[in-house]
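Please work through each task before reading its solution.

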Amino acid sequence: MTSVYRSEQARAEVRRWCLDRIEGAGLAGARSEVMTSAGVTGVLVTGPKPRAGQPAVVLLPGTNMNAALCLPVVRAIARERQVAVLDLPGQPGLSEGRRPRTRRMSWYGRWLGEALAHAAPGPVVVVGHSLGGAVALACDAPQIVGRVLLSSAGIVRLRVPATVLAATVPWLLRPTPARSTALVRRMAAPGEGRVPGELGEWMALVGRCCRSSLAPPPLPPGLLQLRRSVLRWLSRDATTRFCPRRSWGRAPGAGSGWRSG
């Protein structure tokens, strides 16, 4: 196991930043922690309690993201549905910082099944962004009745454009807010030039305090074929920086069971 954090002080700094954001949004009472085999998992639950048989929404943030960065999305979903955000273990946030060196996706799949049993025991639609999308696909929990994959990892091999790489190197060498903002701007979908100030601040903190990780490789084709049995929606609109549209045509089962938009 290896930790995402460079030191215990770095872990504490990241945790404080996340807690301040959640408390500042008036959601401190919505936060809790559940224990899994992967360690402590930070959970944020808000919105109306589901009616009988109605699925809740479970949001899985992507690499270097967590509930504290998803608050605008959480508020929007919570107007109509209960939403639970799970901070992924091994990523900066309010969950356990350690992650295995190998076989991470099977480990994440087991973790998600355990976390769902505690945090959202009824039927759920899992919304996964980036790494969170791959985790949603890796989990076979029967309570998952739908998956929404946003710029998802785990389907095809992602690529890093030269423009993103050119912004990444200065950020790694000295992660200032300005360099972090420039990096996020390069990573954003075309036309999304404005970067919220807190996101640049956050990525500067991540650069100082955390060890990043590469995107996972595509999941086994057999597993992706199995996941076609549960309704899913694959969003490709914001993936063009890391995954050209032509790459989706090579995804296992593409055009057969994958609804996209």
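Axes are lines fitted to C-alpha atoms, for helices over the stretch in contact, and angles run from 0 to 180 degrees between N-to-C directions. The model examined here is predicted.

**Exercise 1.** Determine how helix 5 and helix 6 are oriented towards each other.

*Solution.* 
Step 1. The axes of the two helices, helix 5 and helix 6, come within 9 Å, and their crossing angle is roughly 160°.
Step 2. Angles over 145 degrees count as roughly antiparallel, and helix 5 is therefore roughly antiparallel to helix 6.
Step 3. The handedness of this crossing of helix 5 and helix 6 is left-handed.
Step 4. On the side of helix 5, the contact is made by Thr163, Val164, Ala167, Thr168, Pro170 and Trp171, which meet Arg179, Ser180, Ala182, Leu183, Arg186 and Met187 of helix 6.

**Exercise 2.** Determine how helix 6 and helix 7 are oriented towards each other.

*Solution.* 
Step 1. The axes of helix 6 and helix 7 lie 8 Å apart, at an angle of about 110°.
Step 2. The range from 65 to 115 degrees counts as roughly perpendicular, so helix 6 and helix 7 are roughly perpendicular to each other.
Step 3. From helix 6, Pro177, Ser180, Thr181, Leu183 and Val184 meet Leu199, Gly200, Met203 and Ala204 of helix 7.
Step 4. The residues of this contact comprise six nonpolar, three polar and no charged.

**Exercise 3.** Which residues of the largest nonpolar core touch the most other members?

*Solution.* 
Step 1. The largest nonpolar core has 38 residues, and Val14, Leu44 and Trp202 touch the most other members.
Step 2. Among the elements that each supply at least two residues of this core are helix 1 (8–24), strand 4 (56–60), helix 5 (162–173) and helix 7 (197–209).
Step 3. Beyond its neighbours within four places in sequence, Val14 is in contact with Tyr5, Pro92, Gly93, Trp202, Leu205, Cys209 and Cys210.
Step 4. Another core, of 34 residues, lies apart from this one, and its members include Val58, Leu116, Ala141 and Ile144.

**Exercise 4.** Is threonine 36 buried or exposed?

*Solution.* 
Step 1. Threonine 36 belongs to strand 2 (residues 31–36).
Step 2. Its relative accessible area is 7%. Buried means under 20% relative accessible area, so threonine 36 is buried.
Step 3. Leaving out residues up to four places away in sequence, threonine 36 touches Thr41, Trp111, Glu114 and Ala115.

Definitions and conventions. Residues numbered from 1 in each chain as written. Predicted model: local features only at pLDDT ≥ 70, side-chain atom pairs only at ≥ 80, totals over all residues. Heavy atoms only, no water. Core = buried A, V, L, I, M, F, W, Y, C linked by side-chain atoms within 4.5 Å. Buried < 20%, exposed > 50% of the residue type's maximum accessible area, 1.4 Å probe, protein only. Helix = DSSP H or I, 4+ residues; strand = E, 2+ residues; numbered from the N terminus. Contact = heavy atoms within 4.5 Å. Parallel < 35°, antiparallel > 145°, perpendicular 65-115°, else oblique. Left-handed = near helix turned anticlockwise from the far one by under 90°. Nonpolar A, V, L, I, M, F, W, Y, C, P; charged D, E, K, R; others polar.
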